[in-house]
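Work through the exercises below with the sequence and the structure open. Try each task before reading its solution.

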Amino acid sequence: MALIYIGVGSNIEPKRHVPLGIQALAAEFSALRLSAVYESAAVGFCGANFYNLVAEAHTERSVEQVVATLKRLEFA
């Protein structure tokens, strides 16, 4: 079983989207652990602050399968 780390962040309704993203990750990956949430300013453009965190999970999926899952979740 592989240990993976996933960066999670949003500056578009982050109080809504970040928890929804975490729920989606928890439904896909086992033993999900989360870092603290950090707020940071947008860099390179004017925009709302980002909420960011890192999720740790275990998976038996291949790298390609993990990427495909994350893309599906991101665009759902």
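The exercises that follow concern a predicted model, and each task is followed by a worked solution.

**Exercise 1. Two helices**

Task: Describe how helix 1 and helix 2 pack, and which residues meet.

Solution: 
- Step 1. The axes of helix 1 and helix 2 (residues 63-74) are 11 Å apart, and the packing angle is about 145 degrees.
- Step 2. The crossing of helix 1 with helix 2 is right-handed.
- Step 3. On the helix 1 side, A24, L25 and E28 take part; they meet T69, L70, R72 and L73 of helix 2.
- Step 4. Sorted by class, this contact has four nonpolar, one polar and two charged residues.

**Exercise 2. T69**

Task: Decide whether T69 is buried or exposed, and find the side chain that T69 joins in a polar contact.

Solution: 
- Step 1. T69 belongs to helix 2.
- Step 2. The relative accessible area of T69 is 8%. Buried means under 20%, so T69 is buried.
- Step 3. The side chains of T69 and R61 are joined by a polar contact of 2.9 Å.
- Step 4. With neighbours within four places in sequence left aside, T69 is in contact with E28, F29 and R61.

**Exercise 3. N11**

Task: Place N11 in the chain and find which backbone oxygen lies 3.3 Å from a polar atom of its side chain.

Solution: 
- Step 1. N11 sits in the loop between strand 1 and helix 1.
- Step 2. N11 counts as buried because its relative accessibility is 16%.
- Step 3. The backbone oxygen in question is that of A48, 3.3 Å from a polar atom of the N11 side chain.
- Step 4. Leaving aside neighbours within four places in sequence, the contacts of N11 are F45, G47, A48, N49 and F50.

**Exercise 4. L32**

Task: Classify L32 by accessibility and find which residues L32 touches beyond four places in sequence.

Solution: 
- Step 1. L32 is in strand 2 (residues 30-34).
- Step 2. L32 has a relative accessible area of 22%, so L32 is partly exposed.
- Step 3. Beyond four places in sequence, L32 touches I22, L25, A26, A55, E56 and A57.

**Exercise 5. Positive phi**

Task: Give the phi values of E13 and A31 and the place of each residue.

Solution: 
- Step 1. Most residues other than glycine have a negative phi.
- Step 2. E13 is not a glycine, yet its phi is positive, about 45 degrees. E13 is in the loop between strand 1 and helix 1, and is partly exposed at 47% relative accessible area.
- Step 3. A31 also has a positive phi, near 50 degrees. A31 lies in strand 2 and is partly exposed, with a relative accessible area of 46%.

Note on methods: Residues are numbered from 1 along each chain as its sequence is written. This is a predicted model: local features need pLDDT of at least 70, side-chain atom pairs count only at pLDDT 80 or more; totals for chains, interfaces and linings use all residues. Side-chain values use heavy atoms; hydrogens and water are left out. Axes are lines fitted to C-alpha atoms, for helices over the stretch in contact, and angles run from 0 to 180 degrees between N-to-C directions. Helices (H or I, at least four residues) and strands (E, at least two) are DSSP runs, numbered from the N terminus. A crossing is left-handed if the near helix is turned anticlockwise from the far one by less than a right angle, and right-handed if clockwise. Contact means heavy atoms within 4.5 Å. Ala, Val, Leu, Ile, Met, Phe, Trp, Tyr, Cys and Pro count as nonpolar, Asp, Glu, Lys and Arg as charged, and the others, Gly among them, as polar. Buried means under 20% relative accessible area, exposed over 50%, partly exposed in between (1.4 Å probe, protein chains only). A polar contact is a pair of N or O atoms within 3.5 Å; within protein, one must be able to donate a hydrogen and the other to accept it, and residues adjacent in sequence count only if both atoms are side-chain atoms.
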